[in-house]
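Let's take a walk through a protein model together.

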Amino acid sequence: MSRGSTTFPALIWLLVLLAVVLCLPLLFLGAIFVLSAFHPDAVAQGKSLPRAAIGGILLLGGLLLAALAVVLARNATRGAGRPGDLSGGVASGQEPPGEINLKALNCPHCGGQVDASTARLNPEGTLTLTCPYCKGSFLIQEEPKW
Ligand SMILES: [Zn+2]
């Protein structure tokens, strides 16, 4: 885990967890206050309005924290790739316009596999490849399409 190019969203997940943990008691207390506001005793004592107000504020705070948790979680999952996914954050899917056929090529001298991306284009249209094993170079020409 030495990839430090992008910020690992551990801090964001901590905030998400914190928001969820905080929003649950707020919602719970808010629901209790709102419910108790409509209790016959509270209504008789004129306490229903302040209780409903307190309950409403608690519920609102809890909902805001829940929404915050959702937004943070979305950003965290969108911003970083899954562990082991090296394509995360990199614009992928676009293949370079390749005039070179990047199929596996074998060295005619030693039979070793030659990386076609090391090819040098000659003025006559041929390609010079250098074998990484025997250091021998050879020409390839554009193969006719059948
Ligand atoms: Zn070779």
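## A guided look at the chain

Pro108 counts as partly exposed because 13 C-beta neighbours lie inside 10 Å of its own. Here a residue is called buried if 20 or more other C-beta atoms lie within 10 Å of its own, exposed if 12 or fewer, and partly exposed in between, with C-beta atoms placed from the backbone. You can find Pro108 in the loop between strand 1 and strand 2 (113-114). Its C-alpha atom is separated by 9.0 Å from that of Gly136, a residue 28 places away along the chain.

Before going further, note that this is a predicted model: local features need pLDDT of at least 70, side-chain atom pairs count only at pLDDT 80 or more, and totals for chains, interfaces and linings use all residues. Residues are numbered from 1 along each chain as its sequence is written.

How confident is the predictor? The score to look at is pLDDT, the predictor's confidence in each residue, from 0 to 100. The chain averages a pLDDT of 79, and 73% of the residues score at least 70. Among the elements, helix 1 (residues 10-37) has the highest mean pLDDT, 91, while strand 1 (residues 105-106) has the lowest, 82. Over residues 84-94 the pLDDT stays under 50, and the model has eight contacts beyond four places in sequence for them. Residues 96-100 are also below 50, with three contacts beyond near neighbours in sequence. Two residues are in contact if their C-beta atoms, placed from the backbone, lie within 7 Å. Where pLDDT is low, the predicted coordinates should not be read in detail.

Now for the overall plan. The chain has three helices and five strands, and from the N terminus on they run α-α-α-β-β-β-β-β. Helices (H or I, at least four residues) and strands (E, at least two) are DSSP runs, numbered from the N terminus. Of the 146 residues, 9% count as buried.

Which residues of helix 1 are buried? They are Val16, Ala19, Cys23, Gly30 and Phe33. Ile57 sits in helix 3 (residues 48-79) and is partly exposed, because 13 other C-beta atoms lie within 10 Å.

Two strands pair if DSSP finds at least two bridges between them. Strand 3 meets strand 4 (residues 127-130) over two bridges, and four bridges join strand 4 to strand 5. The table lists some residues that face each other across these pairs.

| Residue | Stands opposite |
|---|---|
| Arg120 | Thr128 in strand 4 |
| Leu121 | Leu127 in strand 4 |
| Thr130 | Ser137 in strand 5 |

Finally, look at the turns. Strand 3 and strand 4 form a hairpin with five residues between them, and Gly125 in the turn has a positive phi of about 100°. The hairpin of strand 4 and strand 5 has six residues between the strands. Lys135 lies in that loop and has a positive phi of about 65° although it is not a glycine. Most residues other than glycine have a negative phi. Is Lys135 buried or exposed? Lys135 counts as exposed, because it has 10 C-beta neighbours inside 10 Å.
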